[in-house]
Amino acid sequence: MVKVIRGASEKYASVKSLIEYFEERAEIDGILYLGYPIIGSVEGAINIDAMLVSKQHGVVIFDLCEGIKVENRSDIRDELYNKVKSKLTDYKTLHKRRDLMVEIGVVTFASGWKNMSEKDREFDEATKYEHLDKFLDDQQWSNKEYYEYLLQAIQAITKIRTSPKRKNVKKENSRGAKLQRLEDSIANLDHNQSAAVIETVDGPQRIRGLAGSGKTIVLALKVAYLHAKNPDWNIAVTFNTRALKKQFEDLITRFTYEHKRDEPNWEKIKIIQAWGSPNSEGIYYNLCKVHGIEYYDLGSAKSLTFNNDYFKAVCKKALKDIEEFIPMYDVILVDEAQDFSKEFLLLCYEILENPKRLIFAYDELQSLNKNTMPSPEEIFGVGKNNKPRVQLKNEKEKPKEDIILDVCYRNSRPLLASAHALGFGIYRDKGIVQMFGNETLWKEVGYDVIDGELKEGKNVTLARNLNSSPPFLENHSPIDDLIIFKSFKSDEEQAEWIADEIRKNITEDELRYQDIMVIHTDPITTQEAVKSIRGKLYKMGIGSHIAGAANPDIFVESNSITFTGIYRAKGNEAGMIYVINGQNCFGGLELARKRNILFTGITRSKAWVRVSGYGEAMNKLVDEFETIKENDFELSFKYPTEEERKKLNIVNRDMTKDVQKKLENTIGSLTDVIISIQKGEIYLEDLPEDLREALKGLLTNES
């Protein structure tokens with residue numbers, strides 16, 4: 001059947017008629033793009049009304065005409081044919097020697113030309129469905145083995161995702177060779193990714209995706225597409241991790257060039273931080289300037305709150321101080337939205353031109369703070385009629401407002417299932433740590449029920465399905481090599497082992513320096529914690545750096561192993577990942593946040609993961625992983641009820657006004673605080689860090 005992906009188009013009647021036609025042609029296997037692609041040329045970008053890419057017919061370009069006036073469009077059809085053929089000619093994978101192996105056709109579809117007689121109609125002009133039938137029947141493609149390569153070319157990502165050939169690879173089965181084959185296999189977008197890029201909503205759009213599902217690439221492609229379609233729009237891209245800035249710049253530049261054969265107009269595209277400062281542009285800083293309100297930097301923000309969520313506090317203050325919002329952007333795209341408060345997302349919404357195109361992408365399990373992702377109703381509130389201002393719906397014949405990217409192209413099934421099992425605490429001795437608010441989300445992110453029922457209070461066993469976790473991601477290496485958990489007697493012993501393993505990776509496994517990333521689980525102590533490993537590597541003649549130390553916007557350096565804290569690791573990936581001091585993530589306070597750190601570290605890997613640590617907590621973490629492996633990376637658990645989930649979510653919730661008031665009333669009396677915790681009126685996790693530490697010896701808080 002034909003999958004329809006709806007880009008921006010103003011030819012509503014023709015588009016509707018074309019979609020209805022292909023809904024009746026179930027035997028055609030392919031994708032119908034609307035308002036896509038955009039072909040770059042020396043004369044400027046050429047927008048194609050619609051294009052069918054199918055195994056039976058190759059490429060069929062549709063020149064859509066609205067209205068009843070008949071016109072000669074042969075020159076337009078010729079230009080469309082020549083531009084598309086020129087684009088496809090650039091791709092060697094579509095050739096057999098000198099011949100382009102793709103069938104290309106162009107047809108004008110004008111259902112309003114009722115007064116055109118059959119004798120006046122050209123074969124490549126269609127005014128009704130039977131004309132399209134004849135045109136497609138005449139265009140048969142005999143080289144369908146080139147179909148996947150054709151999709152890659154149309155989606156304009158082959159050149160982006162194809163990594164440079166590894167000149168150092170000499171052995172057929174080395175890690176370097178395996179990584180090269182993996183990278184070559186991941187070349188084209190799936191249907192959901194294509195929809196996320198092209199489908200444009202007049203309002204907010206949410207993109208939920210697993211780690212490794214391509215959210216960052218999708219957002220970069222979307223910026224390039226919107227910029228090419230609407231060059232006058234002011235577009236802002238924002239994020240929580242500064243290391244993503246260079247990645248966005250590179251991707252948007254290359255994608256825009258594919259569309260327009262020109263550089264992006266950086267006056268119209270702003271890749272900026274969320275907070276910002278007088279020295280570095282940001283969403284919050286810019287809105288303070290435009291609205292004439294007081295700007296708070298990190299130091300002054302501490303006066304606004306007693307907890308450490310300073311950015312939430314300044315956004316909350318801005319919402320209170322601004323009486324009337326001034327539109328500043330046409331589109332804002334937010335990456336890693338799970339790390340932002342609802343106050344920041346609401347600020348983004350308020351400073352958008354109507355119809356409020358806010359596109360936010362996230363994976364809730366990668367949250368490294370205590371926030372859970374609120375619903376759109378919670379974020380954007382209600383309007384004058386007491387109805388939610390934003391309700392995300394996926395309606396037939398309309399662009400999707402809520403997109404889930406369920407296929408993971410980075411992590412293999414064992415890696416992703418282990419990350420989920422550990423992140424949720426599925427096999428933890430003391431019980432589950434956190435859980436999706438809605439049980440159906442498990443299926444939406446690529447799990448199948450293989451036993452039991454996915455219902456509250458019921459036992460269930462879940463496993464990754466083959467579509468969402470393609471087998472080629474794990475078939476290159478034995479499972480025991482894909483993911484290893486290892487406990488040592490001391491930090492020094494851990495450092496010796498990691499340094500020696502990295503030496504082997506470089507000298508024996510044919511991995512490049514940029515294929516290796518060492519992630520420390522506690523971002524505050526990273527510099528000191530990695531000193532021993534870096535020193536040992538230095539003695540071996542292997543260079544290394546701490547990401548962001550020299551330049552906050554630079555993550556990878558040439559001929560240097562990247563060491564990083566978990567925050568800077570987000571959005572980045574490598575073939576071999578070392579997560580060190582894993583014992584930090586086993587237990588204690590703020591356990592959901594710690595488990596999310598472990599989840600995020602593991603899911604940075606494109607191939608292999610090593611999680612190491614030392615001490616009793618690491619021994620227990622190793623035992624927990626061994627249970628996951630013994631269960632063949634399936635997740636078996638009793639699905640918690642709504643009441644049970646409320647208790648699980650304690651460590652992930654924002655503090656309510658009632659809790660804040662209760663704290664203010666009891667904070668002066670240690671006895672009152674203890675009594676309130678025991679009654680369940682406030683929680684240990686809600687207290688300021690110094691007070692929590694003081695109470696550790698007085699309370700038993702089972703995390």
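## Exercises on aromatic rings in a predicted model

A search of the whole structure finds 27 aromatic pairs, and the model in which they are found is a predicted one.

**Exercise 1.** Work out which kind of aromatic pair Tyr-36 and Tyr-225 form, and which parts of the chain the pair ties together.

*Solution.* Begin with the geometry: the ring centres of Tyr-36 and Tyr-225 are 5.8 Å apart, with 50° between the planes. Planes under 30 degrees apart would count as stacked and planes over 60 as edge-to-face, with the rest counting as tilted, and the pair of Tyr-36 and Tyr-225 is accordingly tilted.

**Exercise 2.** Classify the pair formed by the rings of Phe-239 and Phe-248.

*Solution.* The centres of the two rings, those of Phe-239 and Phe-248, lie 6.0 Å apart and their planes stand at 15°, so this pair is stacked. As for accessibility, Phe-239 is buried, with a relative accessible area of 2%, and Phe-248, at 0% relative accessibility, counts as buried.

**Exercise 3.** Describe where Phe-135 lies and which residues Phe-135 touches, leaving aside those up to four places away in sequence.

*Solution.* First, find the element: Phe-135 lies in helix H3 (residues 129–138). Second, check the accessibility: the relative accessible area of Phe-135 is 7%, so Phe-135 is buried. Third, look at the neighbours: not counting residues up to four places away in sequence, Phe-135 touches Val-60, Gly-105, Val-106, Val-107, Phe-123 and Asp-124. Of these, Val-107 is 28 residues from Phe-135 in sequence, and the two are 7.9 Å apart in space, C-alpha to C-alpha.

**Exercise 4.** Name the ring over which Arg-175 lies and the ring over which the charged end of Arg-464 sits.

*Solution.* Arg-175 lies over the face of Trp-608, at 4.9 Å from the ring centre. The charged end of Arg-464 sits over the ring of Tyr-447, 4.8 Å from the centre of that ring.

Terms used: Residues are numbered from 1 along each chain as its sequence is written. This is a predicted model: local features need pLDDT of at least 70, side-chain atom pairs count only at pLDDT 80 or more; totals for chains, interfaces and linings use all residues. Side-chain values use heavy atoms; hydrogens and water are left out. Helices (H or I, at least four residues) and strands (E, at least two) are DSSP runs, numbered from the N terminus. Buried means under 20% relative accessible area, exposed over 50%, partly exposed in between (1.4 Å probe, protein chains only). Contact means heavy atoms within 4.5 Å. Rings of Phe, Tyr and Trp (its six-membered ring) pair if their centres lie within 6.5 Å; planes under 30 degrees apart count as stacked, over 60 as edge-to-face and the rest as tilted. A charge sits over a ring if NZ of Lys or CZ of Arg is within 6 Å of the ring centre and within 35 degrees of the ring normal.
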